[in-house]
Every structure is written in structure tokens, then in C-alpha cells.
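Please keep the sequence and the 3D view open while reading.

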Amino acid sequence: MAGRMVDISKRWGFHGVDALKNASPGYKMIMGLFALLALAGAAVGLHGLLVGYHHVYGVTRQVSWGLLISAYIFCVVTSTGLCIVSSIGHVFGGEAFMPIAKRAVYMSIMFMFGGFCIIFFDIENPFRMAIWNVLSPNFVSNMWWMGTLYGAYLVFMIIEYYFLLEQNHSLSRLMGFLGLVVGIAAHSNLGAVFGMLHGRPFWYGPYLPIYFIFSAAMSGGCAILFFTTLGWKINPEIMNQRMERAVKAVTQITIFLISVIIFFTIWKIITGMVSEGKHLVIMSFLSGDYSINFWVFEIFLGMFLPLFLLIRSRGNNFNLIMWATGLMMIGIFFMRYDIVIPGQMESVYHSLGVVEEANLLTYTPSFHEIMASLFGIGVIALAYFVGEKMLNGHQLEKHEIVPEGGYICPGCGAIHFMEEGETEEDAMKRHHRIW
Amino acid sequence: MKFPKINFDTLKNEGTKSVTAQERRNFLKLGLTVAGVYAGGKILSLTSVIGTAHASGVGFVEKYPYNPHYSMVIRQTLCIDCEKCVDACKVTNNIPDYGYRTRILTKKYTGKLDKQVEFIPVLCNHCNSAPCVRACPTKATYKDPVTGIVRMESKKCIGCKTCMLACPYDARYFSAERRAVDKCDFCWEERLSQGEKLTACAAACPTGARTFGNLTDPENIVYKLVHQLEEQVWVLRPADDTKPNIFYMKGNMRSVDNILNEQRFKYFDPDKI
Ligand code: SF4
Ligand code: SF4
Ligand code: SF4
């Protein structure tokens, strides 16, 4: 694009800070609320850091991963899922999925960032991590791979997003592909962090790495639907025929993925019931301490209600889709919590039949843990609402913002620029060449 | 002379229960152990025990991987839950009051006729294939290549707590004072590296329930206890296959006396409490 000056703000669909200033008072209040939440969360988290987490957190020696790890997993699962589902379009060329890419990649980056905000308050020495992960890497540690790969994933996604804004389809596609590969590797490694702990029968085995990938895709579909339909509420103009088609396609794939996860869950329960190491935990899901989490949140809110509502919506009742996926996000949060906490409930000495460990261990999140998790959630929500305004609903094809020299590509709906003396067709070929 | 024809491949192992103690002892003297009984007790299957060692109480290894290979044998029935070991550990290693490196578990047996209580001291097993070492992202916890002690390099610990979940023996806790995970190091820092021979807990134990020593030295008490064949020796959670170095036995005094012959060791001494 040599020799041509184009106002970047226009080219990127960037509406600037003015867009925030012009927002309605109600919108400003929502943003302010989430900003406050993030600030309060950060303040409480820092207080915990200062006085020492073991005074203020509910985690113990035996239940050492609590709400913060669950919230972190919720964030990174959603991030990976957004990347997976959006890649169907802009990496693998599934035309129907293309219009969701910009918002999905943006939110994917924000969810990853929010996840890092949360884990910052869980790791006791986060600053040491930066040094010793590099100087003293342990290549057989899943935790090391998870951290390293997620770091690389975030970098790829940011570069990809830059090229998406730049309308450089070949490079954004290449980066999207690398991001997807690294993201899936990172994410299955996160599953393996749990799946490779011998002493924890509830987690041990190949189930979790595989489940995590499918579950991520489901969360990704859900998140795209939720944020797109919410974006439509904020600015109805973002809907057009292509976007409607995209929402329909994502709805279909989300329905399919929910069914897959139902299938996973059924077999987890059935096999767990006949396994000595898992029996107690499974029973606490079915009828014990975790039965409300399991039946109400995980099964009803997380799977059956959205499945029913999404099928009823036929992919074009956006209000219904928004409610279905909004409630589903809450259900999914409990799904993550129900992986992390119950896996630690049975003490390693329980099977020895000793008096001290006869009962299942318990865990209740403390105020500090809840606030530190809300820090990350607040950051993500704030980023979403700011993004919708400043990035103009992540639109690519709004006529008013097509700058000089640009045109709307009939193939992908994005704005392309013609070089000197180029025809539209040549420009399209250049933008869409396969690397 | 006619020999009976026996097809060994199709014979069923009838277990070793029917072999009398006398028979077994005879074979032990020859350096053989009974591995199975076939054909209605007519055939004993024997394996040599010379030159092999009960590495983890589960499998056999040819040679111990460390020297000195530090190990502890806990004679469970001798433990009286006085917790002197726990206190000695706390004082020696500056353990904060919210943490512990070793603890005593209580097991109650309720039979038809009587009740019985048994105490089980537990601590880090210094596993030969240690899950905590594999799980740590920064090698902050590592297996000492000489002694086999699983130690911490505190400055590298990022506090992710993965090792605490990876450990199947609940041997780790996060120490705010050290800003790192803390665990038993067989008193390496505070005692062994300064020339002491015993860990604080073993030295403090009034009954001899905890015996500590070098598993590669045939003269050492732990070697003798692990390698005797009269009493069963086991490890906790063998299915996790961590190859632990804490061995357990019942340790009733008469048989232990037989095993150790003239080796002196502490019995319960009322004056010492
Ligand atoms: S007992 Fe636990 S802490 Fe000790 S070496 Fe084994 S896994 Fe590591
Ligand atoms: S808490 Fe420390 S020692 Fe344990 S795995 Fe993490 S970095 Fe390693
Ligand atoms: S000091 Fe010995 S007898 Fe007392 S609790 Fe400890 S192991 Fe048992």
C-alpha cells in the first residue's frame, strides 16, 4: 500500500475516544460499573498479595487450587474456543463464519488477558516466573508448556488481529493458523496438567485433554453468539445479511457441540460410578454437596436450557440467542469450577482408611478470591463494552467508513484497497492469495 | 525310571499359602524364595533372592540408584503417637504453625472381639520417580543426584502449587516465610549436611518406630529391615508407581529382634518420655 496515505482510524474502523464520550449515559454507567469492579478487584487482590495469600484465601494445603484457577480456566477455555470457532471462517475459508472473525479474535485476546490478570493473583511469585521459566525450563512439565504455549498464543493472536485490521488476509490467515495450532497445543496441555497427576483419580487419564478441546469449542461458539447478539442490542446496525447468516452458522455448530459435551458428561458419570477412585466425587455431584452446581448450573443452565433455546431460536431470534448463551456462560463457569475443586476433594490418604481423612475435604471461596476473580472478569467486560464503541461494533463493511481507494470485497465483505492501476479483481486476488 | 510328564505352561498357580513356614525358611536359606505352587502342591516355583533388592517394596531392582541411598523404615506398630517426631521436625526446620512436613495418621480397626488403634507416620517418600519433580515448571524441586533426596531450590519456586497436587502423599505446603513450597528434605540442610547421621524425627522417636539410614549399605539397619524376608514390607499407594523410599512394616519386636540379631536399636523406653 505504498505511497498512499490513509487515515488509520478510518481504515481500522476505529472510532476513537470520542465514541466513548458520545455514548449514552446508560452505556457509560455500565462501563463505569465494570471499571469499578476491575479496580476494586485489583485493589483487594493487591491487599491479599501484601498480607500474604494464606491469610485471606480459602485454599489449603490439600485443596490448593480454588476459585482463581477455576476462573482462569474459564477465561482461557473461552479464549481458545473463540479462536477455534472463528478459525473455521478466516483460516479454513468457511465463508459463512467470516464476519464474526474480528470480534472473536478481539475477545479471544481479551479473555486470555483477563485470564492472566486472574492467575497473577494466584501464583505466589509471578515475577519469578518470568525469569525462571526461561532460565530453568522443565520440558517434561505440563505446567511449563502450558504457560509457554499460552504466551506464544497470545502473541500470535495479537499479530493476527493487527493483520485483520490491516485487511492483510494472507498474513492474518497464516497467524490465525499458527495461533490455532499453538492454542490447541496449549489448551490440551492445560488438560494434561490435570490429566497427568497420578494421585488424583478424578483427573487422571486422557479424558481431560480431549474434553478440554471440545468444551473450548462449545464455549467459543457460545461466547461468539453472546457477544454478537449483545453487540446487536448495543448497535443494531451491525446486523446485515452476512452477519445473520454467520449467527445462524455459529448457532448450528454450537448446538452440535453442546450435544457432544452432553455425551462426554454422560460417560464421565457412568464410568465414574464404577471406578473406586471417582465414585465418591461422582456421588457428590449426583446427590451430595455439588448436586446444585451439577444439576442446576452445569446440566440445566450450561447444556439443556441453551440447547432447547438455541434450537427454538432457529438461529435468527437474536433475543433468545442472547439469553440462551448468556445463561450458558454462567453454566460453563460452574463446569470449570466442577472440574477443579471436586478433583481435590478426596484426600490422598482417604483410601488408607485413616480417621483424619475419613471425610471429603471442603472448600469455600473467600472474599479475596471472589474479588480477585472479578478483577479479571471486570477487565474483560470493560474491554468488550469499550471495544464495541471504539471499534464501531467490529464492522468491516460499513459504507460510511470505506475510505478513499477502498472498496467492499464481494468475496469476504471486507474493505480492500486497490494499488495504483489495479482492477478490483486483481486487488481481490492479491488479498486472497493462498500462502 | 519313568518321569511323569508335566506341561508347565498349562499348570495353574495355586498360590503360596499352602507352603509351611518351615518349608519356606528352608528355601530362604538357599537364597531362594517361593514364587508359586503348582500341581496340587507337588511343584514349588522358586526364584533366587540373592543379588536382588526390594527397591520399592513392589518390584525388584539390581542396584540402588543412589549412594548413600537415604531411606526410612517405619515400624508401624511401635508408634505410640507421642508426636515427638513432629515437634522435633518443627523446631529443627523452622516450620510455621500452619504447616507440617510430617504427621501421624490414626487407623482404627474394629473387630468382633476387640478394638485396635494403629498410628501411621507419614512424610515425603523421596520418590525415585517423583511426580512433583516432573510437574514443576521451573525445576524448583529436584531429585538430588547423589543422595536421592527430593529437595527445593526456593528461589526458583513461582508458587504455582502444581507440585502440591502432583504429590500423592500430601507432603508439601506453601511456606509464606520461605516464599516457596516447603517439604521434608530428610533434614539435609539442618542435620545431614552437617555431619549428623539421623533425621530429627528418627533421633527424637522414643520407640524406634522410625529408623533412618542408607539403603545401599548391607550393615545399615534400613538395609536389614527391608531385606529381611520374615516380615512383610510395604509402601503406601504402590499403584501410583512413584517408587517411594519410605518403607512400612508391622515391626513386632520378637521378629525384629530375630532379624537384627545383635544390632542394637531402641525399644520403647519409659524413661525417655
Ligand atoms: S512424596 Fe511427594 S513430595 Fe515427596 S518426592 Fe514423592 S511426590 Fe515429591
Ligand atoms: S509451587 Fe514451586 S516447587 Fe511447586 S511446582 Fe510450582 S514452582 Fe515448582
Ligand atoms: S516420635 Fe516415634 S512413636 Fe512418637 S509419634 Fe513419632 S514416630 Fe510415633
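A crossing of two helices is called left-handed if the near helix is turned anticlockwise from the far one by less than a right angle, and right-handed if clockwise. Helices (H or I, at least four residues) and strands (E, at least two) are DSSP runs, numbered from the N terminus.

The model discussed here is predicted, and local features need pLDDT of at least 70, side-chain atom pairs count only at pLDDT 80 or more, and totals for chains, interfaces and linings use all residues. Residues are numbered from 1 along each chain as its sequence is written, chains are lettered from A and ligands numbered from 1 in the order in which they are written, and side-chain values use heavy atoms, with hydrogens and water left out.

**Helix pairs of chain A**

Axes are lines fitted to C-alpha atoms, for helices over the stretch in contact, and angles run from 0 to 180 degrees between N-to-C directions. Angles under 35 degrees count as roughly parallel, over 145 as roughly antiparallel, 65 to 115 as roughly perpendicular and the rest as oblique.

Helix H10 (residues 207–234) of chain A packs against helix H11 (residues 241–273) of chain A at an angle of about 150°, and their axes are 9 Å apart. H10(A) passes H11(A) in a left-handed crossing.

Helix H9 (residues 169–195) of chain A packs with H8(A) at an angle of about 155°, their axes being 8 Å apart. That angle makes H8(A) roughly antiparallel to H9(A), and the crossing of this pair is left-handed.

How do helix H5 (residues 67–90) of chain A and helix H8 (residues 142–166) of chain A cross? Their axes come within 12 Å and cross at roughly 45°, and the two helices are therefore oblique to each other. This crossing, too, is left-handed. Its contact includes Tyr72(A) and His90(A) of H5(A), together with Met146(A) and Glu160(A) of H8(A).

**Ligands of chain B**

A residue is near a molecule if one of its heavy atoms lies within 4 Å of it. Of the 14 residues around ligand 1, those that come nearest are Cys124(B), Asn125(B), Cys127(B), Cys132(B) and Cys167(B). Ligand 2 has around it several residues of chain B, including Cys136(B), Pro137(B), Lys161(B) and Val181(B). For ligand 3, which has 13 residues around it, Cys79(B), Cys82(B), Glu83(B), Cys85(B) and Cys205(B) come nearest.

The table divides each shell by class: Ala, Val, Leu, Ile, Met, Phe, Trp, Tyr, Cys and Pro count as nonpolar, Asp, Glu, Lys and Arg as charged, and the others, Gly among them, as polar.

| Shell | Nonpolar residues | Polar residues | Charged residues |
|---|---|---|---|
| Ligand 2 | nine nonpolar | two polar | one charged |
| Ligand 3 | eight nonpolar | one polar | four charged |

**Backbone details and domains**

In chain B, the peptide bond from Asn67(B) to Pro68(B) is cis, with omega near -5°, and Pro68(B) lies in the loop between strand E2 (43–48) and strand E3 (70–75). Asp170(B) has a positive phi of about 50°, although it is not a glycine, and Asp170(B) sits in the loop between helix H4 (162–166) and strand E8 (172–175) of chain B.

Chain A is divided into domain 1 (7–400) and domain 2 (403–435), with bounds that come from an automatic or database domain assignment. The centres of these two domains, taken over C-alpha atoms, are separated by 35 Å.

Key. Contact = heavy atoms within 4.5 Å.
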